[in-house]
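Q: I would like to learn how to read strands, helices and chain contacts in a model. Where do we begin?

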Amino acid sequence: MSLLEKNPEFKKNIWLEISTQRLIMMPLIILMVILLASMSPIGNTYDKLTNISYFGMVVILLFWGSKVAYSNIIHEYNDRTWDWQRMSILTPKQLMVGKLLGAPIYNWYGAFICLFLVFVFGVMGDNSSLADIIVNSVSTLLLGISLLSVSILFALLKISEGNGRDKLKTGQIFILLILFCMFFNSSAFSFMYNRLSFNVENFDTWKIFGENLFYAIWAIIGLHQVIRRELNYKNKSYLWILFLLTSSLVKTMVMMDGMNKFFDNYLFVYFAILSVQSIGLFYLLLLIEQNELSSLKILVRKIKEKNYTYLNFNAPLWSITFPFIVVGLITSWCLFDENIIKSNNSFAQKIIDSISIEVGINSLQTLSILLSLIFFIVRDFLIMLFLQISSKKKRIGAAFILYLFLLYVVFPGLTSTLGNHTILQIFIPLPIAGSFLFPLVECALIFYIIRSKFK
Amino acid sequence: MISVSNLSHEFQNTLALNNVSFEIKDGAIVGLIGPNGSGKTTLLRCISTLQSIQTGQILINGTDIQESPREVHKIIGYLSDNFGLYDDLTVRKCLEYTAMSHIENVQNLEEIVKQTAIDAGVFEFIDKTVNTLSRGMRQRVGIAQAIIHNPKIVLLDEPASGLDPEARIALSQLIIQLKNKGMTLIVSSHILAELEDYCTEMIILKEGNLIEHTQLINHKTGGSTKNIIKLVAEYLSEEVVNSFISTFDNSIKILEKTTTEILFELNEEVTKQHVLLSFLIQQGVAVKEIAAVKRNLQDEYLKTMQEK
């Protein structure tokens, strides 16, 4: 009751989403599915019903719920009701709770019915402990919170591209959203998949729970930050840096559990994960953040003016992420040689063999790979900038993905069939001394084109 | 009350606003006019803080909206071009939600909703769902939402588009009513005849540039007046016209001139047409007609657009 009284956004969503008819329909459909499943002669009845209830929770909350949460924001934007909310006196917390719990309230309702059934059938089935059932269920709810938060966050980033007049379509960015969540919380998704196929013996449920809790907290913080920005509050960039650092730490701890027979150097794994994670996020942010030319021009102007306060509040997240790519790559490259090769690590040797390096790891060849990687990333950023100047706004994302596909898949594929390594250096990093010059020249060329076009 | 200085905004590689500056005083009704893509919506969205300011400054009651946007929200009501309504809610619930989310520690919610619905002329539809209402009524619900927190400034983006003539007249009356309550309004529109009924000032935008900001003749809203006078004679020689201009040097601005007709703007200090008439007769001009001309907003707009 208190939430209803104190949160107008939540109250409004209840008005919009809940009706007597809908309240009756959800349990009715779930019970019908359960009834049909119980009639099947295959397998243990209670295990089967527990699993179907769990499946229902996954579908209703994770997939349908995140779709509802995402579409809700896009519809609010298209109907211009989002303008009212932005100009209201609602706090970011009120709006966040209203959007996270209110808009998908019907999905939460269905998920809790399924959760109840998971408990009932789980206890009756006598196959797993009550503690395990509780931890698994709460874990899935946390994953739901993460996914729904990130859905809303992506939708808010999407609408920030709009001009307040044109309508936006829903769903275009949805595949990216799912990929993003799987990239970050892959063990939770892997657990979910295995849970549905009765194969959870190999999973440490507490570890999954911990990871889910960590990402749920960060998803909520991220959503809160984006809502703050929409409501004209100023955000500092330190939270994003903290996320990059702690997320790599959690991933390191999770990975080292299974990988310590290959790597005994935590620092190396940490920096390797930091760089891989930062590269993934950098490309994702290039696609979803508002990278309008006008904003970039202002950014350059503020850098020239040394207005660090502005940069602290307004720098795009990709620009904050890029230094972590460089630091992560260079540090892990140094540590790879120092601590792994010298200890005759067999797994490391396999990696070296796979990329056909016959010389020492800290050689000109490997330094070239490192530099090439950095220059290729810079080149891709410049391509995005070039598209911002040349293309229609709506097609930039698609054009960028197409360019990446051509440059990293199609052209290298065609070139490698010809066996021509010199040309291949134009497209991918290779362990050839001086190969970094190719992406460097590409960067210079695109920069020159952008400069002349801009003038 | 509203001071805009050197406001520029670039969007999708296009300069939507280019160094726009103006000031609007309390109690004005400003018509924001311009062709499609001239920057009207961007300007309104910048004032309402919905669009970030890239260059320039907007002060409202002396408060920089970039520094304290949340404070500015409390005194601004904004109605977007498609009214921003929840189609599946009743008018009452729409207004309740807006009141709860726009008024701090809202007391007497029912009373506020009822009074606003009466003021906006939607009380008789209060328990109907929004999707059953006509466009005119939806627009009134939108205005009710925009004024529910009793803002000092109301920004209306194309409020009259798609309305029938009856609804337009009702809208004009409602806008004058809001001005009489002490609100300052900026109304963007394409329908100049309707703006003429209530505007006291006019701002014309063209390709992001402010090309005219002028006071208008308006008897209903008490706007300041311009005396535009048309003089028709048998023949107006160059000499007569020149002596006419030099005699009333500071008071006259020739707008149009032929050998038989002159259209001129007369300064407010010289309001007596008989002084002019006696001068012309003394000069031996065979005056056929001398009369005040009411130039409508459309004339002003078209003339400005042609000139600039």
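A: With the terms. Helices (H or I, at least four residues) and strands (E, at least two) are DSSP runs, numbered from the N terminus. Two strands pair if DSSP finds at least two bridges between them. This is a predicted model: local features need pLDDT of at least 70, side-chain atom pairs count only at pLDDT 80 or more, and totals for chains, interfaces and linings use all residues. Residues are numbered from 1 along each chain as its sequence is written, and chains are lettered from A and ligands numbered from 1 in the order in which they are written.

Q: In the hairpin of strand 9 and strand 10 of chain B, which residue takes a positive phi?

A: B:E207 does, with phi near 50°. The hairpin has 2 residues between its strands. Strand 9 (201-206) and strand 10 (209-215) of chain B are antiparallel, with 6 bridges. B:M202 stands opposite B:T214 of strand 10.

Q: How do I read a sheet, and what is the strand order of the open sheet in chain B?

A: In a regular strand the side chains alternate between the two faces of the sheet. Here 4 strands of chain B form an open sheet, ordered 2-1-4-5, with antiparallel pairing. Strand 2 (14-24) and strand 5 (63-64) of chain B are the edges, each pairing on one side only. Strand 1 and strand 4 (55-60) of chain B share 5 bridges. B:V4 faces B:I58 of strand 4 across this pairing.

Q: Which strands does helix 1 of chain B lie across?

A: Helix 1 of chain B lies across strand 1, strand 2 and strand 4. Its direction is at about 120° to strand 1 of chain B. Axes are lines fitted to C-alpha atoms, for helices over the stretch in contact, and angles run from 0 to 180 degrees between N-to-C directions.

Q: How is a helix pair described?

A: Two packed helices are described by the angle between their axes and the distance between the axes. Helix 18 (364-390) and helix 19 (396-418) of chain A pack at about 145°, axes 10 Å apart. The contact residues include A:I383 and A:L387 of helix 18, and A:F400 and A:Y403 of helix 19. Contact means C-beta atoms, placed from the backbone, within 7 Å.

Q: How many residues of chain B are in contact with chain A?

A: 31 residues of chain B are in contact with 24 of chain A. Helix 3 (91-102) of chain B is among the contributing elements. Helix 3 of chain B gives the largest share of that side, 6 residues.

Methods. Contact = placed C-beta atoms within 7 Å.
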